[in-house]
Amino acid sequence: MSADHYFSTEPDAPMRRGEIEFNVAGRDYRLAVASGVFSAGRLDPGTTVLLRKAGLPGASTEGALLDLGCGYGPIACVLASEAPGVTVYAVDVNARARDLASENAERLGLAGRVLVRAPEEVPADVTFTEIWSNPPTHIGKAGLHTLLESWLPRLAPDGVAWLVINRHLGGDSLHSWLAGLGWTVERTASQRGFRVLRVTGKSTD
């Protein structure tokens, strides 16, 4: 089956619900999942690498964070759990994914700080202390570039973006492309075929 339906606004796949469990930073999570949403059978390996290898926020982190392409909300829920002083915008085009992300945030007691939104529902004046994403590489290089060009400029001046990209799906070329646009890009980890990229403000050189 094509993965395209994961990135549709209204997936056609019949609704089959389930649950997954995982542990990040010593916390156990049990989240609702469903067919028609990306990686419903398990926590996606790229997301697993990102959450274990990137620099998670902590108690001193403030401001708004963005989970771009949130799916059923694992990244958003971890960020909000680790950093009680932040608001996390969980953004996805998939309505079923957004419903699940809202449900999962509520069951973890995070509903007030995890704001699940369609992309066009995020206020234009919001900037982000951190952006986190396991982006949808299957939308193609042009679509991925457009997505990142839309959201990375919304980083706060001292903000940081954490991205995870499969090496075989263009992880190294994305690194080069971002650097070519003037972003400061560091590969902080490479595991299981995935690159974890730390992206900070554009160079002023």
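Guide: Here is a short walk through the folds, pairs and packing of this chain, which is a predicted model.

Visitor: Let us begin with the overall layout; what are the elements of the chain, and how do they run from the N terminus on?

Guide: The chain has 5 helices and 9 strands. Read from the N terminus, the order is β-β-α-β-α-β-α-β-β-α-β-α-β-β. Buried residues account for 52% of the 205 residues. Of the contacts between residues at least 6 apart in sequence, 69% join residues at least 24 apart.

Visitor: What makes strand 5 and strand 8 the edge strands?

Guide: They belong to an open sheet of 7 strands, with mixed pairing and the order 5-4-3-6-7-9-8. Strand 5 (114–117) and strand 8 each pair on one side only, and they are the edge strands. From one strand to the next, the twist averages 20°.

Visitor: How do you know that strand 3 and strand 4 pair, and in which sense?

Guide: Two strands count as paired if there are at least two bridges between them. Strand 3 (residues 63–68) and strand 4 (residues 86–91) have 6 bridges, in the parallel sense, so they meet the criterion for a pair.

Visitor: Why are helix 1 and helix 2 called roughly parallel?

Guide: Helix 1 (residues 45–53) and helix 2 (residues 74–82) pack at an angle of about 15°, with their axes 11 Å apart. Angles under 35 degrees count as roughly parallel, so that is the label for helix 1 and helix 2. Helix 1 passes helix 2 in a right-handed crossing. At their meeting place, T47, L50 and L51 in helix 1 face P74, I75 and V78 in helix 2.

Visitor: Now the rings; how many aromatic pairs does the structure hold, and why is the pair of F22 and Y29 called stacked?

Guide: There are 4 aromatic pairs in the structure. For F22 and Y29, the ring centres are 5.2 Å apart and the planes lie at 15°. Centres must lie within 6.5 Å, and planes under 30 degrees apart count as stacked, so this pair is stacked. Both F22 and Y29 are buried.

Visitor: What makes the pair of F128 and W151 tilted?

Guide: Their ring centres are 6.4 Å apart and their planes stand at 50°. Stacked needs under 30 degrees and edge-to-face over 60, so the pair is tilted. F128 in strand 6 (residues 128–133) and W151 in helix 4 (residues 141–151) are 23 residues apart, and the pair links distant parts of the chain. F128 and W151 are both buried, and together with Y89 they form one aromatic cluster.

Visitor: Finally, why does Q191 count as partly exposed?

Guide: Buried means under 20% and exposed over 50%. At 31% relative accessibility, Q191 falls in between, so it counts as partly exposed. Q191 lies in strand 8 (residues 183–191). Leaving aside neighbours within four places in sequence, Q191 is in contact with V49 and K53. The C-alpha atoms of Q191 and L50 are separated by 9.5 Å, with the two residues 141 apart along the chain.

Terms used: Residues are numbered from 1 along each chain as its sequence is written. This is a predicted model: local features need pLDDT of at least 70, side-chain atom pairs count only at pLDDT 80 or more; totals for chains, interfaces and linings use all residues. Side-chain values use heavy atoms; hydrogens and water are left out. Rings of Phe, Tyr and Trp (its six-membered ring) pair if their centres lie within 6.5 Å; planes under 30 degrees apart count as stacked, over 60 as edge-to-face and the rest as tilted. Buried means under 20% relative accessible area, exposed over 50%, partly exposed in between (1.4 Å probe, protein chains only). Helices (H or I, at least four residues) and strands (E, at least two) are DSSP runs, numbered from the N terminus. Contact means heavy atoms within 4.5 Å. Axes are lines fitted to C-alpha atoms, for helices over the stretch in contact, and angles run from 0 to 180 degrees between N-to-C directions. Angles under 35 degrees count as roughly parallel, over 145 as roughly antiparallel, 65 to 115 as roughly perpendicular and the rest as oblique. A crossing is left-handed if the near helix is turned anticlockwise from the far one by less than a right angle, and right-handed if clockwise.
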